[in-house]
Structures are given as structure tokens and as C-alpha cells.
Amino acid sequence: MAELIQETNGKVLIVRLPARMDAAAVRELEEPFAKTIADHNGPVLVDVSKVDFAASLALRMLMMNLKDQQSRGQNLMLFGLQVQIAEVFRKTRFDTLFTIADDEASGIEQLTA
């Protein structure tokens with residue numbers, strides 16, 4: 001069973017994704033992920049540091065929530081991409097759509113600046 005972990009740091013919501021973001025996990029997490037982000041009135045930092053597999057549905061989930069955040073005038077940033085996930089982002093050009101921080105501290109700093 002896939003689980004979202006969420007916490008706040010000041011006005012920043014931090015959502016931590018599980019290691020396997022396969023189709024089953026995305027089906028399970030897509031609605032709670034979107035609701036958690038929509039219910040938060042502020043910037044969101046998504047921790048993908050444990051994600052070692054991301055199906056195309058996971059990329060779609062992230063993209064849809066990025067667009068929703070942008071439409072509300074809010075920011076959604078990622079941090080902690082593992083090498084293989086960073087490569088997928090580069091090849092799909094998702095790295096040009098998302099702001100990607102190296103770590104949690106720099107993500108929070110950028111979102112609160």
C-alpha cells in the first residue's frame with residue numbers, strides 16, 4: 001500500500017512520495033495527492049528522493065498538480081531526484097517545466113524567498 005507523508009515547514013507544504021510510483025501506486029495516491037495540494041493555500045515542495053521508479057502516470061500526476069498550482073498562483077517544486085528519475089525528466093523535458101531543488105533546505109529557501 002502506497003502512502004503519502006505530508007508535513008509543513010512554515011507556509012510550505014512538503015509531500016513525500018514513496019519509492020515505487022507504478023500504475024497501482026499512482027491510482028491509489030492520485031486523488032489524495034491532488035486534494036492535499038488543493039487544500040493547502042501556499043507553495044508545495046514534493047520530496048521525490050525515495051522514488052526509484054516512476055511510471056508515465058506518475059509524471060502525469062505531477063504535471064496535472066503543477067498546472068493546478070500554477071492556476072491558483074502557487075508554486076510546486078520538486079527535490080531529491082535520483083539519477084535515473086532525473087534522466088527521465090531530462091529526456092521528457094519535464095526538467096524544463098518543473099523547478100527542481102537539490103535538497104529540502106534549498107527548496108524551502110527558494111519557495112519562501
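Which helix holds the place of Thr36?

## Thr36 and its helix

Thr36 sits in helix α1, which spans residues 23-39; helices here are DSSP runs of H or I with at least four residues, strands are runs of E with at least two, and both are numbered from the N terminus. This is a predicted model, in which local features need pLDDT of at least 70 and side-chain atom pairs count only at pLDDT 80 or more, while totals for chains, interfaces and linings use all residues. Residues are numbered from 1 along each chain as its sequence is written, and side-chain values use heavy atoms, with hydrogens and water left out.

With a relative accessible area of 18%, Thr36 is buried, a term that means under 20% relative accessible area, whereas exposed means over 50% and partly exposed lies in between (1.4 Å probe, protein chains only). Not counting residues up to four places away in sequence, Thr36 touches Gln6, Leu13 and Val15, contact being defined as heavy atoms within 4.5 Å.

## Packing of α1 against α2

Helix α1 packs with helix α2 (residues 56-71) at an angle of about 10°, and their axes are 9 Å apart. That angle makes α1 roughly parallel to α2, a label given to angles under 35 degrees; the axes are lines fitted to C-alpha atoms, for helices over the stretch in contact, and angles run from 0 to 180 degrees between N-to-C directions.

On the α1 side, the residues that meet α2 are Ala23, Val26, Leu29, Glu30, Phe33, Ala34 and Ile37, and their counterparts in α2 are Leu57, Ala58, Arg60, Met61, Leu62, Asn65 and Gln69. By class, this contact of α1 with α2 has ten nonpolar, two polar and two charged residues.

## The two sides of α4

Helix α4 (residues 104-112) has Gly107, Ile108 and Leu111 as buried residues. They lie on the same side of α4 because they cover an arc of only 95° around the axis, the arc being that of the directions from the helix axis to the C-beta atoms. The buried residues of α4 pack against β1 (5-9), β2 (12-16), β4 (44-47), β6 (76-79) and β7 (99-101), while the face turned away from the buried side carries the exposed residues Ala105 and Glu109.

Leu97 is found in the loop between α3 (83-92) and β7, and counts as partly exposed at 41% relative accessibility. Leaving aside neighbours within four places in sequence, Leu97 is in contact with Met63 and Leu66.

Note on methods
Parallel < 35°, antiparallel > 145°, perpendicular 65-115°, else oblique. Nonpolar A, V, L, I, M, F, W, Y, C, P; charged D, E, K, R; others polar.
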